[in-house]
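Thanks for coming. I will take one model this morning and go through its contacts in order.

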Amino acid sequence: MTALAPPAPTENAPTENAPTENAPTENAPTENAPTENAPAQNAPAHRNPQVLRWLGAYTASTLGDSVFYLALSWTAVSGGTPAQAGLVTAVSAVPRALLLLVGGAIADRLGPRRVVIASDTVRCLVVLGLAAILFLASPGLWALAAVALVFGVVDAVFLPAVGALPPRIAARDQLARVQGMRGLASRLGAVLGAPLGGLAVALGGSGTAFGLAGILFALSLPLLGALRLGPLPREEGARDGTALRDLADGLRYLRGHRSLGPLMVVVLLADLGFAGPLNVGLAILSDQRGWGATGIGWILAGFGTGAGGASLLLTVKGRVPRAGAVMGWTMLLGAVSIGALAQLPQLPLAALVAVSIGLLAGLSGALCNALVQTECDPAYLGRVSAVSSLGSLGIAPLSFPLTGAAIGLWGTGPVFAVSAAVCALSGAYALAVPVLRRAELPG
């Protein structure tokens, strides 16, 4: 979901794993280190024009995503069977999961700003082209599937690149605040994107909705183009290698880093424990309790409120003392709330627990992201972001059918309890590893 130069060691930050023989050198050409023309980076994130441009572009792109996927789902359902519609909407997930790690290597090789601009340009042109086709003809589901496939490929490079930008436009002590601002933008996209897409469909049909998504992607381009990033030292000879070689170097860097490796374990465990209950399990729980679609809406609203509150807290506060310990304890408390959700018979209580889940999970997730960005050498951040995202985008979705099958066999209570135990394991691991427990954000 990153700094102007490789982060300087702090009292609690690891130093022994700084890049060595395979790391960037000062003499290699670069894209993202600061230059004399870059704006001063010591301003608070909410006053930094670089950060505000990035945030505006990210918000527009997030809104475009929400509008696009709503229009895609509606058009697929309107033009085919439920099974066909499900296949169309799932097409983008396959290339995204398969290519995400390579996308991270590409983001580091070409520079995240360049990759994000190219990604949004492709999405803009493809979606506007689909809108034009829908205004002129009825192309069938094959066109929707093709566009969804393109989106999956583009997302595989866009997601690591967008995660690698913050340390190169903001000071290290502002990265927690930037993560809070990014969380608020994500909440805004989720809350406003679907209604915007629905309104566009109601007023002008699917073509209008896809056109709106394309316009939103286009709005991000001048903001991204205005970002001024200098060259970032890169590995000598990287231009003569391949993205796969870059990926292998990034994985070696990650494996040898004493804090980033354990952080990836924390992220994976949290994603595995969290994804099933909050995607598949919630719908089944609401149906069993007789809450219906309204119940799902209230619980999701509670979760969104809590997550938005966590993002706002980080945006305002900017730094949380003892970030590693807070991350671990909020994961443990969030796990208790996940287990409790399946035991509550009344919707108002469930919605309140959902607020606590959103608050705790949102805070722990933002702190985890901020720690990744402050500990990681920016030259490797695209690849590390890709590994971090692989759990939620590639591995965790595999738990969805398993969660549904397990609930059918044992019920919601035991399955939510197991999922909560996995989440608790992520928090316990974070607290058990000294370098994570003592980790601090710069300030």
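I will start with the ground rules and the overall fold, then take salt bridges, aromatic pairs and one surface patch.

This is a predicted model, so local features need pLDDT of at least 70, side-chain atom pairs count only at pLDDT 80 or more, and totals for chains, interfaces and linings use all residues. Residues are numbered from 1 along each chain as its sequence is written, and side-chain values use heavy atoms, with hydrogens and water left out.

First, the overall picture. The protein chain has 15 helices and zero strands. Helices here are DSSP runs of H or I with at least four residues, strands are runs of E with at least two, and both are numbered from the N terminus. Of its 443 residues, 53% count as buried. Buried means under 20% relative accessible area, exposed means over 50%, and partly exposed is in between, with a 1.4 Å probe and protein chains only. The accessible surface of the protein chain is about 18,200 Å², and 67% of that belongs to carbon and sulfur atoms. Those areas come from the Shrake-Rupley method with a 1.4 Å probe; for residues, only the protein chains shown count as cover.

Next, salt bridges. The criterion is a side-chain nitrogen of Lys or Arg within 4 Å of a carboxyl oxygen of Asp or Glu. By this rule there are eight salt bridges.

Which residue meets Arg109 in a salt bridge? The partner is Asp246, at 2.7 Å from N to O. Arg109 lies in helix 3 and Asp246 in helix 7, residues 243-256, so this pair ties together parts that are 137 residues apart in sequence. Both Arg109 and Asp246 are buried.

The side chains of Asp155 and Arg123 also form a salt bridge, at 3.1 Å from N to O. That one links distant parts of the chain, with Asp155 in helix 5 and Arg123 in helix 4, 32 residues apart. Asp155 counts as buried because its relative accessibility is 5%. Arg123 is buried too, with a relative accessible area of 0%.

Are the partners in the next salt bridge, Arg319 and Glu440, buried or partly exposed? The side chains of Arg319 and Glu440 meet at 3.3 Å, N to O. Arg319 is in the loop between helix 9 (292-317) and helix 10 (323-341), whereas Glu440 is in the segment after helix 15 (434-437), 121 residues apart. Arg319 is partly exposed, with a relative accessible area of 29%. Glu440 is partly exposed as well, at 21%.

Now the aromatics. A pair of aromatic rings is described by the distance of the centres and the angle of the planes. Rings of Phe, Tyr and Trp (its six-membered ring) pair if their centres lie within 6.5 Å; planes under 30 degrees apart are stacked, over 60 edge-to-face, and the rest tilted.

The structure holds eight aromatic pairs. In one of them, Trp54 and Tyr58 have ring centres 5.6 Å apart and planes at 10°, so the pair is stacked. These residues are four apart in helix 1, residues 49-79, which means about one helical turn separates them. Trp54 is buried at 1% relative accessible area, and Tyr58 is buried at 9%.

For Phe274 and Phe303, the ring centres are 5.7 Å apart and the planes are at 40°, so this pair is tilted. Phe274 lies in helix 8 (residues 260-289) and Phe303 in helix 9, so the pair ties together parts 29 residues apart in sequence. Phe274 is partly exposed at 21%, while Phe303 is buried at 15%. Separately, Phe68, Tyr69, Phe151, Phe210 and Phe217 form one aromatic cluster.

Last, the surface. Val94, Leu98, Leu99, Leu149 and Val153 make a nonpolar patch of about 440 Å². Patch residues have over 30% relative accessible area and no salt bridge; like charges are joined within 9 Å, and nonpolar side chains (Val, Leu, Ile, Met, Phe, Trp, Tyr) within 5 Å. Helix 3 (93-110) and helix 5 (141-164) each supply at least two of its residues, and the largest share, three residues, comes from helix 3.
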